[in-house]
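Open the model in your viewer and keep the selection tool at hand. This tour moves from one stop to the next and says what to pick and what is there.

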Amino acid sequence: MTTTPPAILAKALSCSAGSGPGLHPLDLSIPHGEIFGLVGHAGAGKSALLEMLATLRAPQSGHASVAGFSTVYNREQARRVLGYLPQTLKLHPHLSLREHLLLMAGLSNLSGARARVEEVLELLSLRDLAEHRPGGLPLGLKRRVGLAQAILHRPEVLLLDEPDAGLDPMEARHIRAAVEMLNAGGMTVLLCTRALGEMTRACTLMGVLAHGALVFYGLGEARGVRWRDPAALERLYVAMAPSKVVAV
């Protein structure tokens, strides 16, 4: 009987510190359909993990796959099934938001690019701003444009690196609503954050990364139940002290 591989799988995945934070050998399995929240302090290794999953950084040891495709040996296939929103997004200052998305769709050889751009603008409530250039737009709207760019090709898996960083509560709520909507449509989401706040309320599965090690991995009361209880979220930080995974 054929078994469907997890949406995201890492086995003994690690990288050296280099110019940024390193990651100790890490095992991680995220089933399809989850919103996995990875919480960790600055320098915990969250960005390093996402860069390896996004095929942008080679692991020092171990291996990872996205929707069954190796991030090292099947990079092109992996890139076709994943979307990635980094912490810093570069938007062309002389292009409107629509033109920027059309350019990105063209660079990806996306078929039906114009129709898909209009669909994504509508999906993320950006149509009224489509002719605006990015200069002067609040950070939350720029992040929404980045999210639009990341989902243009209808990925199965979405990687978000601190999408709530620097946002006010209302902007963070808009991003959370968009993530929940995408997940409801079948997309698996891995989001990294430093804070137990608005974004983590969307999560159905949680992990805590501290100093390059995964120190917590657990479900809510039942699969698919979101972490709405602030007290339960706060208890995750208590688990950051141990040096090994804490199971619940």
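This is a predicted model. Start with two helices, H5 and H6, whose crossing is right-handed.

On the H5 side, pick Leu-139, Gly-140, Arg-143, Arg-144 and Leu-147. On the H6 side, pick Glu-171, His-174, Ile-175, Ala-178 and Leu-182. Colour them by class: five are nonpolar, two polar and three charged.

**Next stop: H3 and H4**

Which residues meet here? From H3, select Arg-98, Leu-101, Leu-102 and Ala-105. From H4, select Ala-113, Arg-114, Val-117, Glu-118 and Leu-121. The residues of this contact divide into six nonpolar, no polar and three charged.

**Stay on H4**

Bring the neighbours back. Move on past the end of H4 to Ser-125, which follows the helix. The phi of Ser-125 is positive, near 55°.

**A residue in H3**

Click on Met-104, which is in helix H3. Is Met-104 buried or exposed? Its relative accessibility is 19%. Buried means under 20%, so Met-104 counts as buried. Leave out residues up to four places away in sequence, and Met-104 touches Gln-149 and Leu-152. Then set a distance between C-alpha atoms, from Met-104 to Val-117. The value is 9.7 Å, for two residues 13 apart along the chain.

**Two loop residues**

Select Asn-109, in the loop between H3 and H4. Its phi is near 55°, a positive value in a residue other than glycine. Asn-109 has 69% relative accessibility and counts as exposed.

Go next to Arg-154. This residue lies in the loop between H5 and strand S7, residues 157-161. Arg-154 also has a positive phi, near 55°, and is a residue other than glycine.

**Last stop: Lys-46**

Select residues 46-53 to show helix H1, then pick Lys-46 within H1. How buried is this lysine? The relative accessible area of Lys-46 is 3%, so Lys-46 is buried.

Show the side chain and follow where it goes. The side chain of Lys-46 reaches the backbone oxygen of Gly-40 at 3.0 Å. It also reaches the backbone oxygen of His-41, at 3.0 Å.

Finish by showing what surrounds Lys-46. Set aside its neighbours within four places in sequence. Lys-46 is then in contact with Leu-38, Val-39, Gly-40 and His-41, among others. Its contacts also include Glu-162, Cys-192, Thr-193, Arg-194 and Leu-209.

Key. Residues numbered from 1 in each chain as written. Predicted model: local features only at pLDDT ≥ 70, side-chain atom pairs only at ≥ 80, totals over all residues. Heavy atoms only, no water. Helix = DSSP H or I, 4+ residues; strand = E, 2+ residues; numbered from the N terminus. Buried < 20%, exposed > 50% of the residue type's maximum accessible area, 1.4 Å probe, protein only. Polar contact = N/O pair within 3.5 Å; in protein donor to acceptor, adjacent residues only side chain to side chain. Contact = heavy atoms within 4.5 Å. Left-handed = near helix turned anticlockwise from the far one by under 90°. Nonpolar A, V, L, I, M, F, W, Y, C, P; charged D, E, K, R; others polar.
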